[in-house]
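Visitor: I'd like to learn how to read a ligand site. Could you walk me through one?

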Amino acid sequence: MNNNDVKSLSFPGDKSIAHRLVLLSLLLNKKIQIENLPDSKDVCTSLNIVKKLGVEVVRSDKDKSEVTLIGLNKRVFEDEVTLDCGNSGTTARLLCGILSNLKGRFKLIGDESLSKRPMERVVRPLADLMGLNIRSTDGHLPIYIEANGKTKATDFFNQTGSAQVKSAVLFASLAAEGKTTISEKVLSRDHTERLLYYLMKTQQQCGQLACSTLFSSAVSDDRLNFSIPGDISSAAYFIVASAISGKRIECKNLLLNPTRTGYLRVLRRMGAEIEEVIKNDCWEPVGDIIVKGGNLKATDIKADEIPSLIDELPILAVAMAFAKGKSRVSGASELRVKESDRISCLISQLKKAGVDCSEYEDGFEIIGGNKIVSAELDSFNDHRLAMSFAILAKCAKVDLKVKGRESVDISFPQFYDYLSSLW
Ligand code: S3P
């Protein structure tokens, strides 16, 4: 491919939105038809959980990404149900809020990595402010919930800035009488608010969120249709690769929600040319972007930008390794409690590949322009590190052997096919 060719790419549906739609089927006793549902492991984890609780999941024979969910009408569970959240923090935390709308005893478990991640951030507000009978195990999974279908309305300040915690409180507020308010220092991804608002609008409901009016009103043959826009976080690997290499790409029908596009703003600041065209903004903003490389220069990323690009920091670190000058990321200590400690794991491996970088408690510093060398890197089974290291290798044209490369299946099983179609 010569540099003036534009390669057009469409991505599987956005993971954050997919989780929310799938989990919401536990509260909607109607048919939910979803197009472009990603087949990533994390989303399958949410699907398996709703199935276990009684949602019918029907995949279209023609197109596996078209799925119909037939929501629950049974909301009472006699025996304790164990729900395996695998590697998915979004599933575990959102589920805590969703389950408070049901009646039953639930035990949430997860894999080794998820079992190390902090859960009190979601347990405390649900227990202390909303009266849910929920407890963790020393701050971690297993989480035990005894739900009676009712919670208390509250005013919640989202201290960690986590969209997962905010969403759990929002979902739990559906089981409360009265108004729940949530505030946060910087707006974190707002897919849950948008989805609930959209559902209320389409149901011609307005005012406070009220589960009984919103969800029981559905008639049995009523159906909802959603087409999930392309995953902006999966596209990030190719957008950064394009910004570094100068290979032009066009990404079609991408989610362009401003609470997720922080990394596009950073790449522009670094000198990449990125054109954004919003085509549809009824539920979530969706559009196309065209990326042309530029001569990248260093930049700083501070706390107020972090929520809008939290998942893209590893791939932005790769962009920084190719940029002229010293880049510094601060206010990002949340990275330490992701699928891996994304500060120490990222920086230790970038060093092995020859990148001039250092670790800080709340972020990292990278001085771009060093020669990247062949090395064996460990992804620590963290999908976002595995994909970032693969892009580093391609852009530097060196051989980087990445341990745990198959972890991409967590969010983007087609990643290596996309990569080889571009190079
Ligand atoms: C997500 C929120 C973010 C993000 C995660 C998905 C979501 O996590 O890192 O990949 O879908 O709400 P936090 O809420 O922990 O910041």
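Guide: Start with the pocket: on a 1 Å grid over the protein atoms alone, it is an open set of points with protein on both sides within 12 Å along at least five of seven lines. A molecule sits in one if more than half of its atoms lie within 2 Å of its grid points. Here the ligand sits in the largest pocket. The model is predicted, so local features need pLDDT of at least 70 and side-chain atom pairs 80 or more, while totals for chains, interfaces and linings use all residues. Residues are numbered from 1 along each chain as its sequence is written, and side-chain values use heavy atoms, without hydrogens and water.

Visitor: Which elements give two or more residues to the shell around the ligand?

Guide: Helices are DSSP runs (H or I, at least four residues), numbered from the N terminus. In this case they are α1 (15–24), α3 (89–99) and α5 (163–173). A residue counts as near if one of its heavy atoms lies within 4 Å; among those surrounding the ligand are S16, T90, R93, R189 and K338.

Visitor: Where does the ligand lie relative to domain 1 and domain 2?

Guide: Domain bounds come from an automatic or database assignment. The ligand lies between the two, because domain 1 (14–227) and domain 2 (229–422) both contribute shell residues.

Visitor: What about polar contacts?

Guide: Look for N or O pairs within 3.5 Å. Ligand oxygen atoms lie 2.7 Å from a side-chain N or O of R20, 2.9 Å from a polar backbone atom of A163 and 2.6 Å from a side-chain N or O of D311. The protein covers 93% of the 390 Å² of accessible area that the ligand has on its own (Shrake-Rupley method, 1.4 Å probe).

Notes: Polar contact = N/O pair within 3.5 Å; in protein donor to acceptor, adjacent residues only side chain to side chain. 1 Å grid on protein atoms, 1.4 Å probe; cavity = no way out; pocket = protein on both sides within 12 Å on 5 of 7 lines; lining within 4 Å.
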